Amino acid sequence: MKSIQVFLLLLVSALPPTTARRHSQHLPSSSLKSLPSTAARPAFYKNDSRTTSTEARTVRGGGGGEATMSNEMFNMVKAVVGVGVLSLPAGIAAFGNAPSAAIPAAALIATIGSIAAYNFSLIGRLCAITGAASYRGAWEKSVGASTAWIPAVSCVVKTFFAVLAYSMVLGDTFSALFTTLGMNVSREVSLVGLTLVVLLPLCLLKNLSSLAPFSLAGIAGMLYTAVAMGIRFLDGSYSSPDSGFALDVAESLRPAIGDKGASAVFSSNAFILICMLNFNAPKFYLELKDNTIERWNTVVATSFGISILFFIGIAAMGFATFGGASNGLILNNYSTKDSLMGFSRVAVAFALVFTYPLAFVGCRDGILEMLQVPKEERTDAKLNNLTYAILGVVTAVALKITDLSFIMSFGGATLGNALIYVYPAIMFRSAVKNMGDKATTAQKLEVILAMAFAALGIGMGTIGAKMALGKLK
């Protein structure tokens, strides 16, 4: 069972939080349209005397923002498929080294991804129940305001892990790109130079709206990377550790295909794999036009289905090519002389550089909100000083830790599991309890299902955190 836990927790952490938390708390007024009096309420409506008549008409299903279903699906897939997907092949390598190990891995990705989709949908339905406009708001209106700091802190720290992962990937990627250009620049020098010359000025910007279009390059870069990995697997450029491009990489990164296949999934390393940005759910739910529960569930199911297929493709192609040698950042396994994968590095680097400040500001603003700093006191000087401090800490940690799979697995094992499995179940249980006798039998039974998923998340998180920390020894 040990390797199953390693794999699942890498999956649970495959996605970095972007600016979801910040955006969910600064939604345009168009996202909060009131419903006509004839609008149908979802089955889980909360009868709370503290809810005003305006709130009772807001976000109950059938209202919402201006985003079409197709726009929501595209943006949701873009948010779900992050740089963490590049660590998934290493998750499979944690328990197997033969191509057949990708079969149970795909099944695990699909299963855990489906559970994550259910909980993502549940957060949106909780917004319908409570009229909340953010993850924290859903907690306040279901569980209580006194403990709302718990999910708030979790979101901030998880965003910090995302920014840290970005820095680690950028350091590795730019060092490899310099090598491709014939320049011997270490990972450490690349990261420090990039941070001072590019990332710091971008993070000091007070208006990031001009960077938003560049975030679209992220999904294009990941799509290109998936295709390029598929081509290299099919053309056999790395089929032998003693020939071709494989000779250009360190011996530890060369293909290592063994005989640990599908059956190895039952050993104890496979719990490291899927964190699906559940605290982004309120933002998507509120922005969906005519956000009935049926339309919301369709958007979630389709988006997560596409994302799961993308995850399986990246994980399977990378692992099938390099087997047990799959690195925590799979791009490191490919030769710097491989022009096809070189363009992939450029695409990933470009996307990360311009989405970095969006994630960073989400973390910085989250810290200010957690410390309850009034908006009028958030002067430029204070924002700049906090930017220097956070970026300094992130860079220092990124220089010390080089294993991306550790960051992704530890973040997923702890905060990722809490945000995906535990918190939604707690909120839903409290919301149904607040309904009293008006709660149906189906709702009460669903509480049992949600709490079962929460228990699953706690179990995976406990084991995964222990295993991730064990990798540091």
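# Talking through a predicted model

Biologist: Nice start. Is serine 335 buried or exposed?

Modeller: Leaving aside neighbours within four places in sequence, serine 335 is in contact with Tyr238, Phe245, Asp248, Val249 and Arg345. Its relative accessibility is 0%. Buried means under 20%, so serine 335 counts as buried.

Biologist: Now helix H6, please. How many of the 29 residues of H6 are buried?

Modeller: Helix H6 runs over residues 102-130 and reaches 41 Å from its first C-alpha to its last, close to the 42 Å expected. Glycine 131, with a positive phi near 80 degrees, follows H6. H6 is largely enclosed by the rest of the structure, because its buried residues number 23 of the 29.

Biologist: Which residues have the most contacts inside the largest nonpolar core?

Modeller: That core has 117 residues. H6 gives the most to this core, with 15 residues. Methionine 76 touches, among others, Phe120, Phe284 and Trp296. Those with the most contacts inside the core are Met76, Trp296 and Tyr356.

Biologist: One last thing: how many disulfides does the count come to?

Modeller: Cysteine 203 is buried at 0% relative accessibility, and cysteine 363 is buried at 1%. A disulfide needs a pair of cysteine sulfur atoms within 2.5 Å. By this rule, the count of disulfides is 0.

Methods: Residues numbered from 1 in each chain as written. Predicted model: local features only at pLDDT ≥ 70, side-chain atom pairs only at ≥ 80, totals over all residues. Heavy atoms only, no water. Buried < 20%, exposed > 50% of the residue type's maximum accessible area, 1.4 Å probe, protein only. Helix = DSSP H or I, 4+ residues; strand = E, 2+ residues; numbered from the N terminus. Expected span 1.5 Å × (residues − 1). Core = buried A, V, L, I, M, F, W, Y, C linked by side-chain atoms within 4.5 Å. Contact = heavy atoms within 4.5 Å.
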